[in-house]
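Subject: Structure handover and notes

Hello,

Here is the structure I said I would pass on.

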Amino acid sequence: MQKEDIVIIGSGPAGLTAALYTARANLRPLVISGNQLGGQISITSEVENYPGFPDGTTGPELVELMQKQAEKFGARILIDEVAEVEFRNGSPFTLKTYGDSFEADVVIITVGASPKRLEVPGEEALIGRGVSYCATCDGFFFRGKDVVVVGGGDSALEEGIFLTRFANQVQVIHRRDELRAGETLKKRAFTSDKISFIWDSVVEEILGENKVEAVRIRNVKTEGTREIATDGVFIFIGHYPNSDLFQGQLEMDERGYLITDEHMMTSVPGIFAAGEIQDPVFRQIATSVGQGCSAALMAERWLERLEG
Ligand code: NAP
């Protein structure tokens, strides 16, 4: 079994920032990447809201730069997935990937969250070609275009309202005739002259050759189907935190987000968490970077205490 001071699980902005900080503290962190090096941003085509890049950058480029910077100071990145952990007996903690087993004095969890998918034909193939799960990331590219938003919660309305800055028309497709979203957002959406609602309807298929061209929707009351021409499909039907691995080991809220204290520590001393796995609210690259930095600083202090 390989012994490590710090293992970071996940390689998105939170994980790579935690790696940079702990590497610069000479702790030679081991980052276990997960199945997608860079996490959610690695599938984001354009990034225009991360400070320091006035001309914008791409998700893959940002991942590469963050990775390079962390590795320059001694972080090691293992392309593998953690399959099993044992945190209940305290430090050192054990982790198993598909290839190896590790012991670690400190663990930083940055495994993120995943947007829920509709799981309809056309969705997967058209991600990044009109299908999006992030209005902040992609809204700008729909300037003057028509988009549909799927969902009836706060996210759907908040993001739908945000999209009116760019889009010509935003049609919200909701599966019921009543919104889940709160009153303030409802009022703002109902009074926007760019937003309209398609009630009692579900998206059955997203259509388009190389980019989104239309959606086929079904009215759940009449069972009637029709096609709506659109340039973009923004899906906000909730996120799920990637916390299955930690069930029964770490405290989480009813939605599965890890609970952390003001020092980014989880319910098990010595296990820290940062980024979307513990943040259902902000979900930005910049906030994940900040949380990754905080978790790293706290992890360093924790190690000093263990060694002292
Ligand atoms: P949410 O509240 O769970 O809403 C998800 C919406 O998607 C619901 O309207 C749901 O329909 C719909 N939906 C779920 N699965 C679907 C499917 N397979 N097909 C079609 N529609 C589907 O998620 P959220 O909007 O992301 O919000 C998550 C949490 O963050 C909430 O607690 C919310 O209040 C909070 N939040 C707050 C703010 C704010 O205060 N400004 C902003 C964003 C989020 P049903 O309604 O029929 O279930």
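What follows is a description of this predicted model, starting with the whole chain and then going to single places in it.

The whole chain

The protein chain has six helices and 17 strands. Its radius of gyration is 21 Å, close to the 19 Å that the globule rule gives for 308 residues, so the chain is as compact as a globular protein of that length. Along the principal axes, the C-alpha atoms fill a box of roughly 65 × 40 × 35 Å. Of the 308 residues, 49% are buried. The accessible surface comes to about 15,000 Å², and carbon and sulfur atoms hold 46% of that surface. If you take the contacts between residues at least 6 apart in sequence, 59% of them join residues at least 24 apart.

The second largest pocket

Rolling a probe the size of a water molecule over the atoms shows where empty space is left. In this model, the second largest pocket holds about 190 Å³ of space. Two elements give two or more residues each to its lining: helix H1 (13–24) and helix H2 (59–72). The largest share, five residues, comes from H2. To find the pocket on your screen, select Leu16, Thr17, Leu20, Tyr50, Phe53, Leu62, Leu65, Met66, Gln69, Ala70 and Val289, which line it. By type, the lining has nine nonpolar residues, two polar ones and no charged ones.

How many of the ten residues of helix H4 are buried? The count is seven, so the helix, which spans residues 154–163, is mostly covered. The buried residues are Ala156, Leu157, Glu159, Gly160, Ile161, Phe162 and Leu163.

Gln171 has a relative accessibility of 14%, and it counts as buried because the cut-off for buried is under 20%. Leaving out residues up to four places away in sequence, Gln171 touches Val147, Val148, Val149, Ser196, Ile198 and Ile228.

Is Phe87 buried or exposed? Its relative accessibility is 0%, so Phe87 counts as buried. With residues up to four places away in sequence left out, Phe87 touches Phe93, Thr94, Val107, Ile109, Phe246, Gln249, Leu250, Val268 and Ile271. Pro269 is 182 residues from Phe87 in sequence, yet the C-alpha atoms of the two are 9.5 Å apart in space.

Pro92 is joined to Ser91 by a cis peptide bond, with omega about 0°. Pro92 has 37% relative accessibility, so it counts as partly exposed. Again not counting residues up to four places away in sequence, Pro92 touches Lys3, Glu103, Ala104 and Asp105.

Which residues other than glycine have a positive phi? Arg28 is one of them, with phi near 40°. Met264 is another, with phi of about 65°.

Arg28 lies in the loop between H1 and strand S2 (30–32), and H1 is also one of the elements that line the second largest pocket. At 48% relative accessibility, Arg28 counts as partly exposed. Met264 is in the loop between strand S16 (239–241) and strand S17 (271–273). With a relative accessible area of 10%, Met264 is buried.

That is what I have on this structure for now.

Regards

Conventions
Residues are numbered from 1 along each chain as its sequence is written. This is a predicted model: local features need pLDDT of at least 70, side-chain atom pairs count only at pLDDT 80 or more; totals for chains, interfaces and linings use all residues. Side-chain values use heavy atoms; hydrogens and water are left out. On a 1 Å grid over the protein atoms alone, a cavity is a set of points where a 1.4 Å probe fits but cannot get out, and a pocket is an open set with protein on both sides within 12 Å along at least five of seven lines; lining residues have an atom within 4 Å of a point. Grid points are joined across faces, edges and corners, and a volume is the space filled by probe spheres set on the points. Helices (H or I, at least four residues) and strands (E, at least two) are DSSP runs, numbered from the N terminus. Ala, Val, Leu, Ile, Met, Phe, Trp, Tyr, Cys and Pro count as nonpolar, Asp, Glu, Lys and Arg as charged, and the others, Gly among them, as polar. The radius of gyration is taken over C-alpha atoms; the globule rule is 2.2 Å times the number of residues to the power 0.38. Buried means under 20% relative accessible area, exposed over 50%, partly exposed in between (1.4 Å probe, protein chains only). Contact means heavy atoms within 4.5 Å. Accessible areas come from the Shrake-Rupley method with a 1.4 Å probe; for residues, only the protein chains shown count as cover.
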